[in-house]
Amino acid sequence: MIFHKAHHLKGEVTVPGDKSISHRAVMFGSLAEGTTEVLNFLQGADCLSTIDCFRRLGISIENTPDHILIHGKGLHGLHKPDGILDTGNSGTTTRLISGILAGQPFETTLTGDASIQKRPMRRIMEPLSMMGADISSLRGNDCAPLRIKGAPLHGIHYHSKVASAQVKSAILLAGLYADDITRVTEPVISRNHSEIMLKYFGADLQSEGTTAAISPNPALHGQKVCVPGDISSAAYFIAAGLLVPGAEILIRNVGINPTRDGILKVAQAMGGDITLLNVNHDGEPTADLLVKHSTLHGITIEGAIIPALIDELPVINVMAACAEGTTIIRDAAELKVKESNRIDVMVRYLSAMGCAITATEDGMIIEGGRSLHGAVIDSHMDHRIAMSFAIAALVADGDTEIRGSDVVTISYPDFYADLARLTH
């Protein structure tokens, strides 16, 4: 797909429902008694993989244009699937469902696409095994396919080496089936959608500092879930609005959970003009974001804020390439084990567009302010790489070709249509 420099960028956009929350609504609704209704569900490939897996585990799920209806059967209502569960490209589905399957009275084999089969699963295998789960990597490489034999689980206090919502959530979900309280302590707090939603469904869950604790065997009840717009999807329009001269974009109903809003803090620290309108703090906090073209400057991004913007770092790289001065990103080694090695891929292709960018062991150094030019980009079948370079193309001279551009269907099927509408 070919992209060109933008000479106009104005209008309103409503981004798809939050991917993390959409996944969890299906999972927790399946484990609850009664019907859960989900509005603004993300109809992306990853979330559809979650629906498919829970259907195969015996849950009736109606997917209509208006809403998702999940007819839950309670914590002990799942049954053994006929064949292998396929999570597609979804790391969230793979890791979270592993925690649930660890406590079931049956054996399951879990796999995904080529990317999932390279992503590290030791980070969940270790704590789940400590709880008594029988979980193994069929190829012996600590990656999927995984064989999970359900077993009686024990409550543990796990000190996670990484701040990962997927690791934390897998352990908490296994904790639903344990014999005592299960606690997870992180080095810094990761996104807390699981904690918020589990409590909403009726779980006895307490959070203090960077520790979350869940009591076993709660009675979960079906709920109505209104999914806010995904800030990770909004990030591309935030960047576009800041970078394209004369731009002004209103992004409606975006989730601004403080464990996810690192992109807003970074953009504003770089000098970005972003105003929050219609702020709502009921449940998951939301706001409309008014973004205007700004002159950005380089900053250092490191430490506790990194988990709150890990998925947005590729497009932050693009912002940094266009900012005046130097941007340094540290403590982001987690980028190496996403859908692609995002450090290597961003460095390679931003360099191809004329940016002075250097990889480090846990991030990158970007000397901003140089003019970008078009290049041929390989998405490496990573949706966030494809969308980030679509934004870079808006401020680059000449044509930019993105190969594998259709990978955006994983999280934002209408991304290119929404972008085209704002640029015309």
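Trainee: How do β11 and β13 pair?
Mentor: Strand β11 (residues 182–185) pairs with strand β13 (residues 211–214) in the antiparallel sense, over four bridges. Helices (H or I, at least four residues) and strands (E, at least two) are DSSP runs, numbered from the N terminus. Two strands pair if DSSP finds at least two bridges between them.

Trainee: Which residue in β13 is the bridge partner of T185?
Mentor: T211 is the bridge partner of T185.

Trainee: Before we go on, where does the model come from, and how are residues numbered?
Mentor: It is a predicted model, in which local features need pLDDT of at least 70 and side-chain atom pairs count only at pLDDT 80 or more, while totals for chains, interfaces and linings use all residues. Residues are numbered from 1 along each chain as its sequence is written, and side-chain values use heavy atoms, with hydrogens and water left out.

Trainee: Back to β13. How many bridges join β12 to it?
Mentor: Four bridges join strand β12 (residues 205–208) to β13, and the two run antiparallel. S207 has A212 in β13 as its bridge partner. The hairpin of β12 and β13 has two residues between the strands, and G209 takes a positive phi near 60° there.

Trainee: Next topic. What is the strand order in the open sheet with β4 in it?
Mentor: The order is β4-β5-β3-β14, four strands with mixed pairing. β4 (60–63) and β14 (224–226) stand at the edges with a single partner strand each, so one side of each is left without a neighbour in the sheet. On average, neighbouring strands of this sheet are turned by 15° against each other, direction ignored.

Trainee: And how do β4 and β5 pair?
Mentor: β4 pairs with strand β5 (residues 68–73) in the antiparallel sense, over four bridges. I61 stands opposite I70 in β5.

Trainee: Which strands does α1 lie across?
Mentor: α1 lies across β3 (33–39), β4, β5 and β14, and runs at about 35° to β5. Axes are lines fitted to C-alpha atoms, for helices over the stretch in contact, and angles run from 0 to 180 degrees between N-to-C directions. Contact means heavy atoms within 4.5 Å.

Trainee: What about the sheet with β2 in it, what order do its strands have?
Mentor: That open sheet of four strands has the order β2-β15-β17-β16, with mixed pairing. Its edges are β2 (10–14) and β16 (273–280), each with a single partner strand, so one side of each has no neighbour in the sheet. The twist averages 15° from one strand to the next.

Trainee: How many bridges join β15 to β17?
Mentor: Six bridges join strand β15 (residues 248–255) to strand β17 (residues 286–292), and the two run antiparallel. I249 stands opposite V291 in β17.

Trainee: Which helix packs on the sheet, touching β2 and β15?
Mentor: Helix α12 (residues 415–422) does, and its direction makes about 155° with that of β2. Helix α8 (residues 262–269) lies across β16 and β17, running at about 145° to β16.

Trainee: I clicked on L264 in helix α8. Is that buried or exposed?
Mentor: L264 counts as buried because its relative accessibility is 4%. Buried means under 20% relative accessible area, exposed over 50%, and partly exposed in between (1.4 Å probe, protein chains only).

Trainee: What does L264 touch?
Mentor: Leaving out residues up to four places away in sequence, L264 touches I231, I238, I256, I274, L276 and L289. L264 and I238 are 26 residues apart in sequence and 8.5 Å apart in space, C-alpha to C-alpha.
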